[in-house]
Each structure stands twice: as C-alpha cells, then as structure tokens.
Amino acid sequence: MKFGIIKERKNPPDRRVVFTPEELVRLQTEHPEAIIKVESSDIRVFSDEQYRKLGMEITTNMTDCDVLFGVKEVPIDALIPNKKYFFFSHTIKFQPYNRNLLVAILDKKIELYDHETIVDAKNKRLIGFGRYAGIVGAYNGLRGFGIKYDLFHLPKAETLKSKDDLIVKLKRQTLPNIKIVLTGHGKVGMGAKEILDGMKVKEVSVSDFLNKKYSEAVYTQLDVLEYNKRLDEKVSNKSDFYKNPQEYTSDFIRFTEVADIFIAGHFHGNGAPDILTREMLKSAKNKIQVVADVSCDVDGPIACTIKASTIADPFFGYLPQENKEVPYTHPGSILVMSVDNLPCELPKDASEGFGEMFMEHVIPAFFNGDKDGILQRAKMTENGKLTTRFKYLQDYVDGK
C-alpha cells in the first residue's frame with residue numbers, strides 16, 4: 001500500500017496537513033509494509049525538509065500512489081484518475097459550488113472518502129477539525145469584543161503558534177463583568193470551552209446565569225434543551241428533540257436579554273428551529289453585542305450570520321433593524337465573527353490533532369480488512385458511481 005500526502009492547491013492557501021512528519025514515522029513504525037510519499041509544498045506548516053529529515057520521500061509525482069490524503073478540495077485539473085482520495089469535498093450537503101468537482105470525481109473513476117463521512121457504526125463522526133474551530137472561534141469572539149469597545153487589541157490568531165499562546169494573550173486582558181453564552185457540547189463547543197476555562201472565566205449554571213449579577217466575567221454552556229422548548233410545552237428529552245425537531249421552537253430569548261457575547265458552537269440538524277432570530281436581535285431587551293458564529297451556517301439558525309467572513313477580514317457589523325451588513329463601528333450594530341475556516345489559523349495544532357485521530361480511527365482499517373466498516377461507510381464513489389449510502393446525491397450530480 002502506497003500512501004501519498006498531497007499538496008494543498010485551493011486558494012486562499014491552507015497550511016494544514018493530514019499527517020505531521022512525526023505521525024508518518026509512527027505510521028511506518030506500526031505498519032512497516034506501508035510506503036509513504038510526500039508531495040513537495042512551499043505553503044505547508046511543516047516544511048519539506050522536516051519530512052525529509054525523518055526519512056520521508058519528497059516528490060512532485062504522485063501518480064504511483066494508491067491512496068492520496070489532503071485537507072481541502074482538490075482542483076479538478078489536479079485529480080489523478082483511478083485513485084483513492086481523502087479530503088473535505090464539501091459536496092454531501094448539495095453545495096452548488098462543488099457539484100462539478102463531484103461530477104469530475106465520478107468521471108475519473110476516483111474512490112472518494114470525504115473526511116466528514118468517516119463515522120462509526122452509530123454514525124458518529126470520528127475525525128475533524130472542530131475542536132480547533134472552537135478554540136480559534138472563542139478567541140476571535142473575545143478579540144472582537146475588545147476591539148468593539150476599544151478595551152484591548154489582541155493579535156490575530158494566525159500570528160500565534162498554538163492554543164497556549166492564545167490563552168496567554170487573553171489572560172493578560174481584564175474583562176469587565178460580562179456574560180458569555182456558549183452553545184454546543186460537541187468538539188466545537190468543547191474547544192471554545194477550553195479557551196474560556198484556560199483564561200479562567202468563571203462557569204456558572206444556566207439558572208445563575210439568567211438570574212444572578214456578577215462582579216466578574218462569567219459564562220454558561222448550553223445543551224439543546226436549554227435553548228429549545230416544545231411548542232406544546234410538554235416535558236421533553238434530547239431523543240424526542242432529535243426525532244421531532246419540528247415540534248420545537250427556540251427559547252434562546254432568555255439568554256439574549258442577559259448575555260453580552262454569544263459563541264455559537266452547536267450542531268444544527270435539518271428541521272431544527274432557528275436559534276437566534278432577527279426578532280430577538282431587534283428587541284429593545286437584547287443585550288448581545290458580539291456573536292462569534294463558529295458553526296457559520298449562512299442564512300441559517302443565527303440571523304446575523306448573513307455571510308461568511310474571512311481570516312483577513314473576520315468582523316462585520318449587522319444592523320438588526322434593517323437586516324443588513326454595516327461597519328462594525330456603527331453604533332447600532334452587532335459585531336459578528338463568522339469565519340468558516342477557523343482551524344487554518346492554528347495549522348500546526350490542528351494538523352497534529354487531526355493526524356492523531358486519523359491514525360487511531362482510519363489507518364488501521366487499511367490493514368485489518370476494514371473489519372469495523374470504517375472505509376466502507378465513508379466511501380462515496382466507486383467505479384464512476386455513487387455508493388449506496390450516497391445515492392441521495394444523484395439528482396445533485398445530474399444537476400436537477
């Protein structure tokens with residue numbers, strides 16, 4: 001089995017990689033039969049020389065590799081026919097901008113394994129960059145708060161080396177007695193929590209957050225039933241919410257009336273109610289002035305996320321009364337951070353964490369006959385056709 005680590009070719013440049021040099025050494029140690037090649041890259045966070053020093057072959061020709069690993073979408077003209085590819089294709093939700101990519105993958109008879117489709121038998125995702133999105137998103141939200149109120153001016157996360165550096169910068173600042181509400185208990189939400197805990201922001205219960213006043217900054221972390229309620233107001237559980245999301249409505253207004261910053265780290269499933277509505281933001285009782293939408297679903301459950309912002313220009317203002325973008329310096333605006341590629345700002349940490357997960361959950365499947373079905377479940381295309389699990393994309397492929 002010959003594995004190839006491909007160069008990232010998408011713009012803007014992405015410095016992340018699936019495997020660090022050290023993880024490739026581990027791969028070869030645990031599976032001596034594996035052959036590994038690394039495509040030369042001048043943008044990767046780990047240099048060619050770092051790989052070469054640890055014994056990896058650096059090359060510009062990947063045509064003899066069986067399996068090719070990347071992070072972002074591979075440009076159509078760079079796809080090598082009849083190979084197995086692993087990368088984020090951004091096609092499984094019918095993203096219109098990548099339909100031609102999936103069509104090309106089928107035409108070239110490529111076996112595509114999207115990182116998002118790598119799940120266990122219970123359909124739980126096994127790998128991803130969510131933790132690092134949460135870490136950088138929380139930092140950016142606090143950075144935005146400092147800028148909006150001219151309290152402090154932190155450097156961009158991309159100029160720092162690690163999560164620890166972000167925390168060091170934040171701990172040097174003095175926050176007023178603000179309240180921060182965080183949604184989500186998955187990898188994104190828990191990544192954001194790492195930042196808040198690291199800088200020693202006090203965590204309080206939902207009840208105390210809603211009802212008590214504090215002389216210091218505090219935060220609370222919400223699960224789905226703490227910001228959603230049944231329309232009939234019956235007692236419910238999470239299982240019922242996930243089965244019958246249409247029977248629920250947002251109860252987030254309780255938090256908009258007391259919170260200053262909202263860090264959105266939730267997963268929002270199909271059919272689930274919107275969380276932060278325009279009506280909530282228009283209300284005279286709304287206190288939220290900074291929204292860090294780490295999940296970044298444009299025109300989705302967070303009304304002020306009307307676009308994805310960028311690492312270069314992460315903040316914009318949202319004017320609730322007119323539902324439009326304005327400068328974040330506008331006195332009536334809410335500052336929004338909705339960068340959709342946050343882990344790119346911590347490429348070293350993100351690559352290290354991703355590679356560890358990949359080694360644990362995916363690589364063994366190549367050498368144990370895929371006994372747990374990891375590869376089989378993740379495979380989107382084979383022999384020019386969609387696999388059974390992904391037949392739902394056929395109309396998308398056909399342009400219907």
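Are R230 and D240 buried or exposed? Both are buried, where buried means under 20% relative accessible area, exposed means over 50%, and partly exposed lies in between (1.4 Å probe, protein chains only). The structure is a predicted model, in which local features need pLDDT of at least 70, side-chain atom pairs count only at pLDDT 80 or more, and totals for chains, interfaces and linings use all residues. Residues are numbered from 1 along each chain as its sequence is written, and side-chain values use heavy atoms, with hydrogens and water left out.

The overall form of the chain is described first. Its secondary structure comes to 14 helices and 18 strands. These are DSSP runs numbered from the N terminus: helices are H or I with at least four residues, and strands are E with at least two. The radius of gyration, taken over C-alpha atoms, is 22 Å. Along the principal axes, the C-alpha trace spans about 65 × 45 × 35 Å.

Buried residues make up 55% of the 400 residues. Contact means heavy atoms within 4.5 Å. Of the contacts with a separation of 6 or more, 67% are between residues 24 or more positions apart. The accessible surface comes to about 18100 Å², by the Shrake-Rupley method with a 1.4 Å probe; for residues, only the protein chains shown count as cover. Carbon and sulfur atoms hold 48% of that surface.

Charge comes next. The chain has 57 positive and 57 negative side chains. Lys and Arg count as positive and Asp and Glu as negative, while His and the chain ends are not counted. The centres of the two sets lie 1 Å apart, with each charge placed at NZ of Lys, CZ of Arg, CG of Asp or CD of Glu.

A search of the whole structure finds 29 salt bridges. A salt bridge is a side-chain nitrogen of Lys or Arg within 4 Å of a carboxyl oxygen of Asp or Glu. One of them pairs R230 with D240, with the closest N and O atoms 2.8 Å apart. R230 lies in strand β10 (residues 228–230) and D240 in helix α8 (residues 238–243), so the pair ties together parts that are 10 residues apart in sequence. Salt bridges with shared partners join R230, D232, D240 and E247 into one network.

K193 takes part in two of the bridges described here. With D197, its closest N and O atoms are 3.1 Å apart. Both residues lie in helix α6 (residues 187–198), four residues apart, about one turn of the helix. An α-helix has 3.6 residues a turn, so residues three or four places apart point the same way. K193 is buried at 14% relative accessibility, whereas D197 is partly exposed at 32%. The bridge between E203 and K193 has its closest N and O atoms 2.7 Å apart. E203 lies in strand β8 (residues 202–203) and K193 in helix α6, so this pair ties together parts that are 10 residues apart in sequence. E203 is partly exposed, at 40% relative accessibility.

In helix α3 (residues 99–107), the buried residues are L101, L102, A104, I105 and L106. Their cover includes β5, β6 (111–114), β17 (381–382), β18 (385–386) and α14 (394–398). Just after α3, K109 takes a positive phi of about 55°. In helix α11 (residues 347–361) lies S351. S351 is buried, with a relative accessible area of 0%. Beyond its neighbours within four places in sequence, S351 is in contact with R16, V17, V18, T20, V45, F46 and F129.

Most residues other than glycine have a negative phi, and most peptide bonds are trans. A cis peptide bond joins N11 and P12, with omega about 0°. P12 is found in the loop between β1 (2–5) and α1 (21–30). N82, not a glycine, has a positive phi of about 65°. N82 is in the loop between β4 (67–69) and β5 (84–87), and is exposed at 58% relative accessibility. C296 has a positive phi near 50°. The loop between β13 (290–293) and β14 (315–319) holds C296, which is buried at 12% relative accessible area.

Note on methods:
Rg over C-alpha atoms; globule rule 2.2 N^0.38 Å.
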